[in-house]
Amino acid sequence: MSTSAQRMNEMISVNDPTQLTMSSIEIAELTQKRHDNVMRDIRTMLVELHGEGGILRFEDTHTNPQNKQTYPVFKLPKRETLVLIAGYNITLRAKIIDRWDELENEKKAAPDFHAVLNDPSAMRGLLLSYTEKVLALEEKNKELTADSEALNRIAKAEGSLCITDAAKTLQIRPKNLFTWLQRHGWIYKRIGCAHYCAYQDKLNRGLMEHKSTTVLRSDGTEKVTPQARVTPEGLEKLAKLLPPEITEVAVNG
């Protein structure tokens, strides 16, 4: 073996995590050749390039994910891969070269953590990016917590609620909830009536119900009137449908 080949053996190690390699399995898949034939071609090439002792530096194993059996493979750096495919046809060479371009571009896109650790400016940028992500996650967590608390209040509600009480449960101004329900086809007023009625489709779906309520008149007499009320199912539906700006007005106003 020549002196240059010996130097090459000393420099190459497929176990180096920073070393880009292509396995004989991938080469076989890209070239649509049998793996045992690719292994034979690689072994012949490596002996010619590095001698019998140089083969060990490129040997590795592969575990089949289906049968869990382990098979010998070769892992080749770019130089050895290109030497191997020199005898292949143009189409196969192009596939291998394109794959090497992908591997190198992926490596360029990945951050060099060793360089970052030694570069205070890069470290500050990395920490700033990490901090921003943490703050964004914390904000999202607050939103999820608020949603969870609202749903817990709804889950604890027993029976139906009048619209005013439903607004309190949903942390919305009653006036805003009445307006939203009218605009979105939940409630309406009959001509000449002071009380609200629920639309029939909302009654059929169990989102609203009517209950008779006793109202005290100014003269001291009582009057029984039907009242549109929101069911627990309706509360849960409203909690998902109501836009955030309505609750923001209620909380911040």
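The model is predicted, so to speak of local features requires pLDDT of at least 70 and side-chain atom pairs count only at pLDDT 80 or more, whereas totals for chains, interfaces and linings use all residues. Residues are numbered from 1 along each chain as its sequence is written, and side-chain values use heavy atoms, with hydrogens and water left out.

I begin with the cores. A nonpolar core is a set of buried Ala, Val, Leu, Ile, Met, Phe, Trp, Tyr and Cys residues joined through side-chain atoms within 4.5 Å. Buried means under 20% relative accessible area, exposed over 50%, and partly exposed in between, with a 1.4 Å probe and protein chains only. The largest core has 20 residues, and Leu177, Leu181, Trp186, Ile187 and Leu238 have the most contacts inside it. Among the elements that each supply at least two of its residues are helix H9 (174-183) and strand S8 (222-230); helices (H or I, at least four residues) and strands (E, at least two) are DSSP runs, numbered from the N terminus. A second, separate core of 19 residues includes Ile42, Leu46, Ile96 and Leu103.

I turn now to charged pairs. The whole structure holds ten salt bridges, each a side-chain nitrogen of Lys or Arg within 4 Å of a carboxyl oxygen of Asp or Glu. One joins aspartate 36 and arginine 34 at 2.5 Å, N to O; aspartate 36 is partly exposed at 40% relative accessibility, and arginine 34 is exposed at 56%. Another joins aspartate 201 and lysine 202 at 2.8 Å. Here aspartate 201 is partly exposed at 35%, while lysine 202 is buried at 7%.
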